[in-house]
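Could you walk me through how to read the features of this model?

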Amino acid sequence: MRGLIHLYWGDGKGKTTAAMGLALRALAAGRRVAVVQFLKGRPSGEVPLLTGLGAKIYRGKAGEKFVFQMTEAEKQAARRAQDAHLRAALEEDADLLILDEACAAWQLGMVDEALLRRAVLEKPEAQEVVLTGRSPAPWMREAADYCTEMRCCRHPFHQGVPAREGVEY
């Protein structure tokens, strides 16, 4: 079976949720799953469950600041961490590789672009790869077999409702 490339992108909610749903489906079918969550450090509800089901999860960055709040030294440390996570995930014999927030990591220069391109464009023939994020690089859109744009029509955040555990994280 030939593996395909999935891209869930846009300003709407549901990109990571769709990717993690696919991870659950793959695990239930006996497939091996590796997930790289770029730029995410805050605990998230899906991580312990997916890990418990056998997924290999690589996440976290050097520090908890947003990229725009980081010094150059902090950005370099975070980039090294993101690159290390991606390299480790590529060592896994995964049937499904999820690159969550890869679009932002690429756009912000927080991952080695050549390494990210290799992960997607030179993937093993049977491997499924999922990319998520707000603004994909043109090469990501071109490579995608599935390309789904999530568009925000309304979100409770705009009415002052903060992110809720079990829903947004």
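A: Let us begin with the nonpolar core: the largest one has 33 residues, and Phe38, Leu86, Leu99, Leu116 and Leu131 have the most contacts inside it. A nonpolar core here is a set of buried Ala, Val, Leu, Ile, Met, Phe, Trp, Tyr and Cys residues joined through side-chain atoms within 4.5 Å; buried means under 20% relative accessible area, exposed over 50%, and partly exposed in between (1.4 Å probe, protein chains only). The model is predicted, so local features need pLDDT of at least 70 and side-chain atom pairs count only at pLDDT 80 or more, while totals for chains, interfaces and linings use all residues. Residues are numbered from 1 along each chain as its sequence is written, and side-chain values use heavy atoms, leaving out hydrogens and water.

Q: Which elements give two or more residues to this core?

A: In soluble globular proteins, nonpolar side chains tend to be buried together. Here the contributors are S1, S2, helix H3 (72-91), S4, helix H4 (102-107), helix H5 (113-121), S5 and helix H6 (138-143). These labels are DSSP runs numbered from the N terminus: helices are H or I with at least four residues, strands E with at least two. Apart from this core lies another of 17 residues, among them Ala19, Ala26, Val47 and Ile57.

Q: What does Leu99 touch, not counting residues up to four places away in sequence?

A: Contact means heavy atoms within 4.5 Å. With that rule, Leu99 touches Val36, Phe38, Leu86, Leu116, Ala119, Val120, Val129, Val130, Leu131 and Thr132.

Q: What is the order of the strands in the open sheet?

A: Strands of a sheet pair through backbone hydrogen bonds, either parallel or antiparallel. This open sheet has six strands in the order S3-S2-S4-S5-S1-S6, with parallel pairing; two strands pair if DSSP finds at least two bridges between them. Strand S3 (56-59) and strand S6 (146-149) are the edges, each pairing on one side only.

Q: Why does Ala19 count as buried?

A: Ala19 counts as buried because its relative accessibility is 0%. Leaving aside neighbours within four places in sequence, Ala19 is in contact with Tyr8, Ile98, Val130 and Thr132.

Q: Where do the buried residues of H3 pack?

A: The buried residues of H3 are Ala78, Gln82, Asp83, His85, Leu86 and Ala89. Seen down the axis, they fall within an arc of 155°, so they line one face of H3. They pack against S2, S3, S4 and H5, whereas Ala73, Arg80 and Glu91 are exposed on the other side of H3.

Technical notes:
Arc of directions from axis to C-beta.
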